[in-house]
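Me: Hi! I have a structure open here and would like to talk it through with you. Could we begin with the charged contacts?

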Amino acid sequence: MDSRPTENPGLSIGQVAERTGLSVHALRFYEREGILEQAVRRDSGGRRVYTEYDVAWLRVCIILRTSGMPLPTIRRYTEMVRQGTGNETERLALMLEHRDRVNAQIARLTQSLDLINHKVGVYEDILSADPSGSCVIPAR
């Protein structure tokens, strides 16, 4: 995310919360934690004013967080992006490490799903043989 849209800024914290699915509290927390790539502007009344770029950046951060990336790592990534060009090697290393963690998590979840599917098949077979469900189901 290095290109910044030039649209007219002007989204309230409530609008950003609605668009991102984050609570207002979470948005304030992300700002305090240094997760936003750009400082959030304030209007003359001191209210936060977000841009479309802020929303796009938050969506990236939400996906990274949902994938299990810890907040300190997201903060480190944000800091690298803020620094501008010249640290792409470090950004790549960070993403490769995280990709490895996500792939390992997917493998564990796939193994879990295989077991669950097996159990579903066992119980479907048992119940199709005795639809009343009154048979004793062995622990398998």
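Reply: Happy to. Glu 31 and Arg 42 meet through their side chains in a salt bridge, 3.8 Å from N to O. A salt bridge here is a side-chain nitrogen of Lys or Arg within 4 Å of a carboxyl oxygen of Asp or Glu. This pair links distant parts of the chain, with Glu 31 in helix α2 and Arg 42 in strand β1 (residues 41–42), eleven residues apart. Helices (H or I, at least four residues) and strands (E, at least two) are DSSP runs, numbered from the N terminus.

Me: Before we go on, what kind of model is this, and how are residues numbered?

Reply: It is a predicted model: local features need pLDDT of at least 70, side-chain atom pairs count only at pLDDT 80 or more, and totals for chains, interfaces and linings use all residues. Residues are numbered from 1 along each chain as its sequence is written, and side-chain values use heavy atoms, with hydrogens and water left out.

Me: Thanks. Which residue else forms a salt bridge with Glu 31?

Reply: Arg 48 does, and the closest N and O atoms are 2.5 Å apart. Arg 48 lies in strand β2 and Glu 31 in helix α2, so this pair ties together parts that are 17 residues apart in sequence.

Me: And how exposed are Glu 31 and Arg 42?

Reply: Glu 31 counts as partly exposed at 23% relative accessibility, and Arg 42 is partly exposed too, with a relative accessible area of 42%. For the cut-offs, buried means under 20% relative accessible area, exposed over 50%, and partly exposed in between (1.4 Å probe, protein chains only).

Me: How many salt bridges are there by this rule?

Reply: The count comes to five. One of them joins Arg 75 and Glu 33, with the closest N and O atoms 2.5 Å apart. That pair links distant parts of the chain: Arg 75 sits in helix α4 and Glu 33 in the loop between α2 and β1, 42 residues apart. Arg 75 is partly exposed at 23%, and Glu 33 is partly exposed at 25%. Through shared partners, salt bridges join Glu 31, Arg 42 and Arg 48 into one network.

Me: Nice. Switching topic: how many aromatic pairs does the structure hold?

Reply: Two. Rings of Phe, Tyr and Trp (its six-membered ring) pair if their centres lie within 6.5 Å; planes under 30 degrees apart count as stacked, over 60 as edge-to-face and the rest as tilted. Phe 29 and Tyr 30 have ring centres 6.3 Å apart and planes at 50°, so that pair is tilted. Phe 29 is partly exposed at 27% relative accessible area, whereas Tyr 30 is buried at 8%.

Me: What about Trp 57 and Tyr 77?

Reply: Trp 57 and Tyr 77 are stacked, at 5.9 Å centre to centre with 5° between the planes. They connect distant parts of the chain, Trp 57 in helix α3 and Tyr 77 in helix α4, 20 residues apart. Trp 57 is buried at 1% relative accessibility, and Tyr 77 is buried at 10%.

Me: Where does the largest nonpolar core get its residues?

Reply: That core has 26 residues, and those with the most contacts inside it are Leu 27 and Tyr 50. The elements giving two or more residues are α1 (13–20), α2 (24–32), α3 (52–66) and α4 (71–83). α3 gives the most, with seven residues. A nonpolar core means a set of buried Ala, Val, Leu, Ile, Met, Phe, Trp, Tyr and Cys residues joined through side-chain atoms within 4.5 Å.

Me: Then tell me about α3. What do its buried residues pack against?

Reply: They pack against α1, α2, β2, α4 and α5 (88–129), where contact means heavy atoms within 4.5 Å. Among the buried residues of α3 are Tyr 53, Val 55, Leu 58 and Ile 62. α3 is followed by Gly 68, whose phi is positive, near 100°.

Me: Last one: which residues are buried in α1?

Reply: Ile 13, Val 16, Ala 17 and Thr 20. Seen down the axis of α1, they fall within an arc of 105°, so they line one face of the helix; the arc is that of the directions from the helix axis to the C-beta atoms. Their cover includes α2, β2 (48–49) and α3. Gly 21 follows α1, and its phi is positive, near 85°.
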